[in-house]
Amino acid sequence: LLLALQVRLMMKAYSFIRENVPRVLSSVKDKSGTVHIPRISQYLYFLFAPTLIYRDNYPRNPTIRWGYVATKFAQVLGSLFYAYYIFVRLCIPQFRNSSQETFNLRGLVLCIFNSILPGVLILFLAFFAFLHCWLNAFAEMLRFADRMFYK
């Protein structure tokens, strides 16, 4: 989780630099008196907005739909509980018995193959919970209007 957060911050910093350095260099090269430097509030909004492309202004919704935000957070919690249920019921019993036996390659392969379907279900739940529900909830709270996450 920490590594994913660091990668996200690194990609956002790269986007911020890539969009602003050419603007500053061109104004210095032209020797114009005004250099447009983004405000701290613009950068902070960009850090929390669910986008990796920096712009000075983003389209914004006029209001926040708190019911929508609560629904998305409830879906995140539901996904976490369902992933926990799948993990406890389908994955842990497979490996609990193997820890008490001597190492057997056949048993290990069977445990792994029996855990493939629950693992894929957990990955789908993680995708839905984070990339759909979590990002849409934060987009709504920030009044971020451009919701084309998947394009």
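Is Phe73 buried, exposed or partly exposed, and at what relative accessibility? At 25%, Phe73 counts as partly exposed (buried is under 20% relative accessible area, exposed over 50%, partly exposed in between, with a 1.4 Å probe and protein chains only).

Keep in mind that this is a predicted model, where local features need pLDDT of at least 70, side-chain atom pairs count only at pLDDT 80 or more, and totals for chains, interfaces and linings use all residues. Residues are numbered from 1 along each chain as its sequence is written, and side-chain values use heavy atoms, leaving out hydrogens and water.

Back to that ring. Phe73 pairs edge-to-face with Phe138, at 6.1 Å centre to centre and 85° between the planes (rings of Phe, Tyr and Trp, the last by its six-membered ring, pair if their centres lie within 6.5 Å; planes under 30 degrees apart are stacked, over 60 edge-to-face, the rest tilted). Phe73 lies in helix 3 (residues 66-96) and Phe138 in helix 5, so the pair ties together parts 65 residues apart in sequence. Helices here are DSSP runs of H or I, at least four residues, numbered from the N terminus. Phe138 is partly exposed too, with a relative accessible area of 27%.

Now look at Glu140, also in helix 5 (residues 116-141). Glu140 is buried, at 0% relative accessible area. Not counting residues up to four places away in sequence, Glu140 touches Asn61, Thr63, Ile64, Arg65, Tyr68, Val69 and Arg147 (contact means heavy atoms within 4.5 Å).

How values were computed: Helix = DSSP H or I, 4+ residues; strand = E, 2+ residues; numbered from the N terminus.
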